[in-house]
Amino acid sequence: MRIHELTRAEARAVAVRAQLLDRPRPQSLLDVVRQLTLLQADQTAAVAPNADLVLWSRLGSAYRPADLEAAVGDQALLELQGMIRPAEDLALFRADMADWPGRGELLDWQEYRRDWVEANRGCRLDIMRRLRSDGPLPARELPDTCELRWPSSGWSNDRNVLKMLELMEARGEVAVAGRDGRERLWDLAERIFPDDEVVPAGEAARIRAQRRLRALGVARARGAQQPAEPVDVAEAGEPAVVEGLRGRWRVDPAQLAAVRERPLAGRAVLLSPLDRLVFDRKRMAELFEFEYQLEMYKPAAKRRWGYWAMPILYGDRLVGKLDATADRRAGVLRVDAVHRDVPFTKAMTAAVDREIADLAAWLRLNLDLPGD
């Protein structure tokens with residue numbers, strides 16, 4: 001098979017177009033999610049929750065968070081292990097659910113989870129009985145009858161019901177029915193999941209990798225293991241080398257052909273720090289030569305760019321970061337800084353300023369700029 005030779009500019013253009021960040025903007029929320037394959041359901045709202053920011057950056061100010069809530073409520077989209085996915089994609093995960101906690105020789109952490117669930121079988125059954133009679137319900141309204149507590153050095157320590165729900169979700173027994181504010185509402189999976197035929201595990205993994213590459217455009221064949229969604233694509237697409245970069249890459253040949261036939265019509269975009277264009281920080285650094293770190297867990301004095309600094313895309317380059325906070329009590333989008341990684345032309349400045357103003361208008365907040 002031919003090995004495609006990509007310049008770094010071509011690789012960036014493929015990645016940007018695959019993520020629907022060029023012009024013209026897409027029009028359909030469901031079409032966006034199907035192309036991206038997922039929205040990470042992170043509820044951090046320094047500006048707005050991640051899923052809403054990702055959809056706004058594609059659809060523009062015509063998008064309303066209520067549209068996403070309606071799509072989940074109608075079960076056109078499903079929340080699965082922290083990711084919002086098209087309902088039809090659930091069939092690609094059912095085999096993994098049936099084989100939970102894994103196939104073949106289990107790792108230590110997989111064995112621990114299996115043994116913990118079995119040790120708390122009574123609690124698991126109590127949760128299912130309560131959901132069957134009264135669901136959907138938030139975790140706080142479900143009984144904690146666990147005999148063995150969940151130990152952790154992090155936020156999940158002793159959160160037995162929530163951990164049991166997440167493991168039951170991985171087993172295909174319960175599912176997220178929706179949200180009440182930021183709080184997940186849980187119900188029996190049989191009431192939420194579509195009754196689609198299960199795709200065999202090997203075929204499902206292959207299809208997921210193909211869809212992941214379609215969403216990324218260009219990606220590593222192998223990458224660091226991720227807890228929820230891989231960043232690599234195995235043997236999907238076709239082999240490629242990227243100018244100046246080592247290692248095995250894979251590219252979606254149709255999207256590469258489209259970029260070579262029609263140059264990228266880029267625009268200015270403000271990205272969520274969890275946007276899939278930048279989520280794989282290693283790929284981001286290699287393709288875009290962009291330095292970035294999410295600093296929300298750092299002490300304020302040690303932050304360089306801000307608590308929830310939003311990467312700024314212009315055309316096929318990441319050119320800076322927007323440090324802004326939505327102060328809903330004061331009714332303003334407070335802009336503390338626009339960090340410019342490269343000199344901005346007048347056109348770039350005007351385009352970025354328009355996006356910031358549009359973000360404030362979408363949030364229904366007044367714009368508070370430095371020096372105002």
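This report walks through a few local features of the structure above, from one arginine to the cores and some backbone details.

The model is predicted, and local features need pLDDT of at least 70, side-chain atom pairs count only at pLDDT 80 or more, while totals for chains, interfaces and linings use all residues. Residues are numbered from 1 along each chain as its sequence is written, and side-chain values use heavy atoms, with hydrogens and water left out.

**Arginine 8 and its helix**

Let's start with arginine 8, which belongs to helix 1 (residues 8–18). Helices (H or I, at least four residues) and strands (E, at least two) are DSSP runs, numbered from the N terminus. With a relative accessible area of 16%, arginine 8 is buried; buried means under 20% relative accessible area, exposed over 50%, and partly exposed in between (1.4 Å probe, protein chains only). A polar atom of the arginine 8 side chain lies 3.0 Å from the backbone oxygen of glutamate 286. Not counting residues up to four places away in sequence, arginine 8 touches Val242, Glu243, Gly244, Leu245, Glu286, Leu287 and Glu289, where contact means heavy atoms within 4.5 Å.

Two packed helices are described by the angle between their axes and the distance between the axes. Helix 1 packs with helix 12 (residues 281–288) at an angle of about 130°, and their axes are 9 Å apart. Here axes are lines fitted to C-alpha atoms, for helices over the stretch in contact, and angles run from 0 to 180 degrees between N-to-C directions. Helix 1 and helix 12 are therefore oblique to each other, given that angles under 35 degrees count as roughly parallel, over 145 as roughly antiparallel, 65 to 115 as roughly perpendicular and the rest as oblique. Helix 1 brings Arg8, Ala11, Arg12, Ala15 and Val16 to the contact, and helix 12 brings Arg283, Glu286, Leu287 and Phe288.

**The nonpolar cores**

A nonpolar core is a set of buried Ala, Val, Leu, Ile, Met, Phe, Trp, Tyr and Cys residues joined through side-chain atoms within 4.5 Å. The largest one has 74 residues, and Leu68 and Leu359 touch the most other members. Helix 13 (residues 346–363) gives the most to this core, with eight residues. A second, separate core of 23 residues includes Trp100, Trp150, Leu167 and Ala170. As for leucine 68, its contacts, leaving aside neighbours within four places in sequence, are Leu29, Leu39, Ala51, Asp52, Leu55, Tyr63, Leu77 and Ile84.

**Backbone details**

Proline 24 sits in the loop between helix 1 and helix 2 (29–36), and proline 136 in the loop between helix 7 (121–134) and strand 5 (137–138). Glutamine 75 is in the loop between helix 4 (65–73) and strand 3 (77–80) and counts as partly exposed at 32% relative accessibility. Glutamate 289 lies in the loop between helix 12 and strand 12 (310–314) and is exposed, with a relative accessible area of 53%.

Definitions and conventions:
A polar contact is a pair of N or O atoms within 3.5 Å; within protein, one must be able to donate a hydrogen and the other to accept it, and residues adjacent in sequence count only if both atoms are side-chain atoms.
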